Amino acid sequence: MSTKTDPFADFKVFLFLIWKFLNLPSPTRSQYALAEWLQGGPNKLVIMAFRGIGKSWVTAAYVCWLLLRNPQLKIMVVSASKLRADDFSTFTLRLIHEVPFLKHLIPNDGQRSSKIAFDVGPARPDQSPSVKSVGITGQLTGSRADVIVADDIEVANNSATQAMRDKLKELTKEFSAILKPLDTSKIIYLGTPQTEQSIYNELPARGYEIRTIPARYPTDAQRARYGERLASYLRTDLDARPELATGPVCERFTEITLVDKMAEYGQAGFALQFMLDTSLADADRYPLKLRDLIVMDVDRERAPREIAWGNDAGCILNDVPNVGFDGDRYYRPIMVSKENWGAYTGCVMAIDPSGRGGDETGYAIVAILAGRLFLLDAGGFRGGYEDTVLEALASKAKQYGVKEVIVEPNFGDGMFNRILAPVMARIYPCKISETERSKGQKEQRIVDTLEPVLNGHRLVVDRSLIERDFRSTEGLPPEHQNRFRLLYQLTRITRDRGSIPKDDRIDALALAVHYWTSAMARDTEKAAQQARQEALDAELRIFLQHVIGGAPSPGSIIRRPF
């Protein structure tokens, strides 16, 4: 049809009228770009746009536009959860009921009319409803559709681990079986990546084209990574005015808003959720790897003196939650001494007191034996100076029989120690001390402390701790769960300031590791000094033997300060 006889031939016109009916401001440039892609884009399309742009609302209007143009279409909406998909179809059905020029699409008597599956009035009888909503893990098999809208099927709680992402990828392959084999059939993904290994990254290999709208105009380096995926109007803007780089793309998101989002999500989280940048610039960007740990069942009091790390395929642990990057795995030791065991020669508990309301008081309990460190427990308590937190820390120290508690001194000028001391005296009398005041950038310090220990495979992690760490945040909102997990913090921290939004647990671990590595360094220097003295004594004995004609006893050598 021509636009003279069909006023709704252009979806952008339809979108403008829907927004006007809903008393919304006129669609933004970004929303009009979404409309163009939905109408004229390829049949296998991925739209990646920052959170809050209105992807779902624009696409719900697009579904109404499709049914207005062709009431015989069958459309399936798939989301991470059934509730999310139902919300999409409910909004679509409400538009049909309330917008005057859509009222003829209201289901007739005898047609399906629920929010999970409904027909439009002119639709002919069919086994498949006009619009159906389903969760990605729901009953997909047996359905048929002309258009599939995959609206945010990747969320935090179904993509946190490699196993979860693998399962999600397999579920999406069912779309090809659902889609009718027609030239006009379409699969549309709407999404915001939740992890650097987002499933959206693998869709181009399956024939999909990606279109991207970040929250900020990209820098030259970022633009190179986006390539042709970046919205054409943003490329045009930057060609004409390069100074726009790093500025807000959408008028709905001011610079202050974006700075607040950066503070909330951290550098890596902001790059994912708002810049849609899942690239790993280089292998050194994330220096701490799970594969460098040794994972085994660890006793609280004693350990083997001889352990050998190995990355043999037979050593891979697949039955513990893995929040690392794809391909990064946990390994059990390839060899553990059965006879040569001993009690730990030391055990410390490091505490990183909470500095802000949203932080945790992080702790890590690390023992040492034969130059190897054993991470017995780690975690965090919400809050800082509350009696419940102090008592919980003291109970942890008692549970593991720690010999010393060390506290990060950079917060409160020693106040935490003074509050903790009487609680420790009551529950578990133990030495409490402060470490040296930390200097320099925190992320750099943490990485510099942990990287050599991990690279040397000197850190052994209790297998059950991995499971406890994963479960410890399940009561939080899904999008916040990973950020508080120790192993997630370990794999996502970089040397960049603000690289992770929360660092309480990994900071406590670095504090404990630094305590022992400093002690080992002192012991090494002491041993070296002793060896130098023994060598000097030997030379003196030889010298005296030549001078006085007899070998003096070792105790007769008089040492004078140099």
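A polar contact is a pair of N or O atoms within 3.5 Å. By that rule, the side chains of Ser133 and Asp86 are joined at 2.5 Å in this predicted model. The chain has 562 residues, and 51% of them count as buried. Its secondary structure comes to 16 helices and 20 strands. The radius of gyration is 31 Å, well over the 24 Å that the globule rule gives for a chain of this length, so the chain is more spread out than a compact globule.

**Overall dimensions and surface**

- Along the principal axes, the C-alpha atoms fill a box of roughly 120 × 50 × 45 Å.
- The accessible surface of the chain is about 26,000 Å², and carbon and sulfur atoms account for 52% of that surface.
- Among contacts between residues at least 6 apart in sequence, 70% join residues at least 24 apart.
- Phe543, Val547 and Ile548 make up a nonpolar surface patch, with about 330 Å² of accessible area together.
- Phe543 belongs to helix 16, which covers residues 504–548, and Phe543 is exposed at a relative accessible area of 51%.

- Ser133 sits in strand 4, residues 131–135.
- Its relative accessible area is 2%, so Ser133 is buried.
- Not counting residues up to four places away in sequence, Ser133 touches Val77, Lys82, Ala85, Asp86, Ser89, Lys115 and Ile116.

- Asp119 lies in the loop between strand 3 (117–118) and strand 4.
- The relative accessibility of Asp119 is 7%, so this residue counts as buried.
- The side chain of Asp119 reaches the backbone nitrogen of Ser130 at 3.3 Å.
- With neighbours within four places in sequence left aside, the contacts of Asp119 are Leu105, Pro107, Gln111, Arg112, Ser128, Pro129 and Ser130.

**Salt bridges**

- Side chains of opposite charge can pair when their charged atoms come close.
- The count of salt bridges in the model comes to 33.
- One of them joins the side chains of Asp237 and Arg29, at 2.9 Å from N to O. Asp237 is in helix 8 (residues 232–240) and Arg29 in helix 2 (residues 29–40), so this pair ties together parts that are 208 residues apart in sequence.
- Within that pair, Asp237 is buried at a relative accessible area of 15%, whereas Arg29 is partly exposed at 44% relative accessibility.
- Asp277 and Arg225 form another salt bridge, with their closest N and O atoms 2.7 Å apart. Asp277 is in the loop between helix 9 (255–273) and strand 8 (294–296), and Arg225 is in helix 7 (residues 220–226), so the pair links parts that are 52 residues apart in sequence.
- Asp277 is buried, with a relative accessible area of 13%, while Arg225 counts as partly exposed at 42% relative accessibility.
- A network of salt bridges links Arg165, Asp166, Lys169, Glu202 and Asp326.

**Arg211 in strand 7**

- Arg211 is found in strand 7, residues 209–213.
- The side chain of Arg211 meets that of Glu209 in a salt bridge of 2.9 Å, N to O. Glu209 is partly exposed, with a relative accessible area of 38%.
- Arg211 is also in contact with Trp37, Pro42, Leu45, Val46, Ile47, Met48 and Arg229, leaving aside neighbours within four places in sequence.
- Arg211 and Pro321 are 110 residues apart in sequence, and their C-alpha atoms are 32 Å apart in space.

- Most residues other than glycine have a negative phi.
- Ala370 has a positive phi, near 55°. Ala370 is in the loop between strand 16 (360–369) and strand 17 (372–382), and is partly exposed with a relative accessible area of 45%.
- His457 also has a positive phi, of about 55°, although it is not a glycine. His457 is in the loop between helix 12 (442–455) and strand 20 (459–462).
- At 15% relative accessibility, under the 20% limit, His457 is buried.

Conventions: Residues are numbered from 1 along each chain as its sequence is written. This is a predicted model: local features need pLDDT of at least 70, side-chain atom pairs count only at pLDDT 80 or more; totals for chains, interfaces and linings use all residues. Side-chain values use heavy atoms; hydrogens and water are left out. Patches are made of residues with over 30% relative accessible area and no salt bridge: like charges are joined within 9 Å, nonpolar side chains (Val, Leu, Ile, Met, Phe, Trp, Tyr) within 5 Å. Accessible areas come from the Shrake-Rupley method with a 1.4 Å probe; for residues, only the protein chains shown count as cover. A salt bridge is a side-chain nitrogen of Lys or Arg within 4 Å of a carboxyl oxygen of Asp or Glu. Helices (H or I, at least four residues) and strands (E, at least two) are DSSP runs, numbered from the N terminus. Buried means under 20% relative accessible area, exposed over 50%, partly exposed in between (1.4 Å probe, protein chains only). A polar contact is a pair of N or O atoms within 3.5 Å; within protein, one must be able to donate a hydrogen and the other to accept it, and residues adjacent in sequence count only if both atoms are side-chain atoms. Contact means heavy atoms within 4.5 Å. The radius of gyration is taken over C-alpha atoms; the globule rule is 2.2 Å times the number of residues to the power 0.38.
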